[in-house]
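Reader: Hi! Could you walk me through this one?

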Amino acid sequence: MLIKTDQGYAHPIASEITPRAVFEERRAFLRSLAVVGAGTPLGLWAARDARAQAAGASAAAPAAPALTTGPGKLARLPAVRSAIDGAFVMDKLTAYEHVAGYNNYYEFGLEKSDPARNAHTLRTRPWTVSVEGECAKPRTFGIEDLLKLAPMEERIYRLRCVEGWSMVVPWVGYSVSNILRAVEPTGKAKFVEFVTLADRAQMPGLRSSVLDWPYKEGLRLDEALHPLTLMAFGLYGEVLPNQNGAPLRLVVPWKYGFKSAKSIVKIRLLERQPRSSWEVAIPSEYGFYSNVNPKVDHPRWSQATERRIGEDGVFQRKRPTLMFNGYEAQVGQLYAGMDLRKFY
Amino acid sequence: MKARLGAVLMHPLCKPVVALVLLLPLVALVWGALNDTLGANPAETLIRNSGEMALRCLLLTLAVTPLREWTGVAAFARLRRLLGLLTFSWAMLHLLTYSWLDMGFYLDDIVRDTVKRPFILVGMLALLLMLPLALTSFNAAVKALGSSRWKRLHQAVYAVALLAILHFFWMRAGKLNFGDVAVYAALLAALLGWRVRRLLGRGTH
């Protein structure tokens with residue numbers, strides 16, 4: 001594999017280059033910063049911050065740069081900007097209404113408009129997450145403990161659905177490693193399984209036996225400990241909407257979206273590789289790894305391209321999908337020497 | 001009642017109204033595409049809806065004969081050609097939206113996609129089978145082919161229907177989302193079942 005000289009995020013493709021309108025906006029913002037005498041090298045952030053800061057009128061530049069703000073319907077979830085390599089893609093954010101209105105959460109229905117319509121029945125308090133298995137200090141965390149376990153960070157990740165569409169989401173959370181380290185995995189621990197809520201009283205979708213409930217997902221321990229592997233508690237600066245997996249969900253940005261299990265109730269450290277729900281349902285189509293890979297197609301459709309929700313116009317050709325969803329510089333070494341066609 | 005139904009079906013406006021009703025979704029889709037009101041994934045909405053409309057028109061086409069026999073109103077047969085052509089039109093729109101929005105009109109990609117994915121191949125086969133039916137849908141074609149040969153040719157519609165349902169089923173199989181498929185499959189089974197029963201009934205008499 002070539003050594004990337006690019007710092008952090010890799011930008012190999014012309015279509016990934018910041019659109020003209022955005023960089024012009026950035027310049028205008030830098031000019032306005034210069035006017036208030038705070039022309040610090042915030043250039044990269046200017047495009048996104050411009051709107052938020054414009055709303056804050058002409059107050060002097062804030063000590064910490066403003067974070068993404070949502071529509072204000074849900075409780076705020078304060079965060080700091082993540083310092084992790086790859087935590088911020090430069091792509092335009094997908095609108096909140098699309099992030100919260102178009103997604104898969106089979107426990108609330110099979111259509112992508114169903115979760116937003118049906119997930120109001122999900123009760124996110126009280127909520128506990130038991131972390132168990134191959135660890136020295138198994139423990140059941142209350143959601144309040146987890147919210148305080150590590151500082152909340154904002155991270156802007158791409159999300160690539162296995163169905164061929166993608167989004168750019170500003171998540172709030174912290175690396176899953178914070179939780180795993182708290183329970184001290186033993187030397188036997190090689191894999192991590194994430195078990196999600198399955199309650200018929202709250203989730204109408206459980207009446208259909210489309211998947212073997214509860215929905216389960218798994219990662220190799222080194223994948224789970226990778227700093228980019230996020231436990232998200234919020235998005236757009238607010239707590240997660242129910243339909244997006246409240247009160248806490250996994251986000252693994254270099255894997256297809258279904259790997260990022262929602263509404264997690266149990267985390268198990270395991271010696272042997274667990275089987276994830278989609279792997280059990282259709283083993284020929286869904287593998288354990290499910291890394292975003294434009295060269296390995298889903299049997300029913302190509303994975304070479306994707307449609308960015310809310311951005312790529314109806315009549316625009318789909319954009320190329322990037323290896324590891326563009327996170328190759330950060331995670332490529334996890335799979336060094338592996339045949340990714342075999343371990344799909 | 002029977003006479004009233006017959007009169008409605010024989011009315012000169014009957015066919016234009018049926019055509020208008022079944023093409024109205026097209027107006028809505030085009031308007032929505034131009035005004036960006038087709039939701040988060042407008043391309044998917046266009047491809048899905050055109051395919052589903054084709055399937056609906058196909059089921060309506062196959063319902064003509066059972067309706068005619070069941071009600072005893074022969075005038076239902078007047079609608080069959082129109083419904084068949086509407087099925088073909090929606091199927092062509094389905095092909096157009098797929099080729100354009102999913103494949104960007106890259107012929108290489110379309111060919112590769114077709115040979116690689118059984119559900120696309122089956123959909124293409126259904127389209128291909130519909131082509132001779134649409135091309136021989138005018139009166140002179142019936143005369144030229146002879147009535148019995150024309151009828152035999154147009155029995156290909158049953159194959160089209162089975163391929164279309166299989167196409168829909170295989171597409172949804174990727175995410176195990178079979179609710180809609182089951183509804184259409186049940187309707188098709190009823191329509192084809194009625195024909196099978198009639199055929200068997202004739203045999204025993």
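Reader: How many residues does the contact take from chain B and from chain A?
Author: The contact takes 17 residues from chain B and 17 residues from chain A; two residues are in contact if their C-beta atoms, placed from the backbone, lie within 7 Å. A word on the source: this is a predicted model, where local features need pLDDT of at least 70, side-chain atom pairs count only at pLDDT 80 or more, and totals for chains, interfaces and linings use all residues. Residues are numbered from 1 along each chain as its sequence is written, while chains are lettered from A and ligands numbered from 1 in the order in which they are written.

Reader: Which helix gives the most to the side of chain B that touches chain A?
Author: Helix α3 (residues 42-71) of chain B does, with three residues. Helices (H or I, at least four residues) and strands (E, at least two) are DSSP runs, numbered from the N terminus.

Reader: And how do the residues on that side of chain B divide?
Author: Nine are nonpolar, six polar and two charged. Ala, Val, Leu, Ile, Met, Phe, Trp, Tyr, Cys and Pro count as nonpolar, Asp, Glu, Lys and Arg as charged, and the others, Gly among them, as polar.

Reader: What scores does the predictor give the complex?
Author: An ipTM of 0.80 and a pTM of 0.81. Chain B averages a pLDDT of 93, and 98% of its residues score at least 70; pLDDT is the predictor's confidence in each residue, from 0 to 100.

Reader: Why is B:Thr71 called partly exposed?
Author: Because 15 other C-beta atoms lie within 10 Å of B:Thr71. A residue is buried if 20 or more other C-beta atoms lie within 10 Å of its own, exposed if 12 or fewer, and partly exposed in between, with C-beta atoms placed from the backbone.

Reader: Which residues of α6(B) are buried?
Author: B:Ile120, B:Val122, B:Gly123, B:Ala126 and B:Met130 are. Seen down the axis of α6(B), the buried residues fall within an arc of 160 degrees, so they line one face of the helix; the arc is that of the directions from the helix axis to the C-beta atoms. They pack against α4 (80-102), α5 (107-116) and α9 (156-173) of chain B. The face turned away from the buried side carries the exposed residues B:Leu128 and B:Leu135.

Reader: Switching to chain A, how many helices and strands are there?
Author: Chain A has nine helices and 13 strands. Of its 344 residues, 45% count as buried.

Reader: Why is strand β5 of chain A described as largely enclosed?
Author: Because 10 of the 11 residues of β5(A), residues 165-175, are buried.

Reader: Which strands pair with β5(A), and in which sense?
Author: Strand β4 (residues 153-160) pairs with β5(A) in the antiparallel sense over eight bridges. Strand β8 (residues 230-235) also runs antiparallel to β5(A), with five bridges, whereas β12 (residues 305-308) pairs in the parallel sense over two bridges. Two strands pair if DSSP finds at least two bridges between them.

Reader: How many residues sit between β4(A) and β5(A) in their hairpin?
Author: Four, and A:Gly164 in the turn has a positive phi of about 105 degrees.
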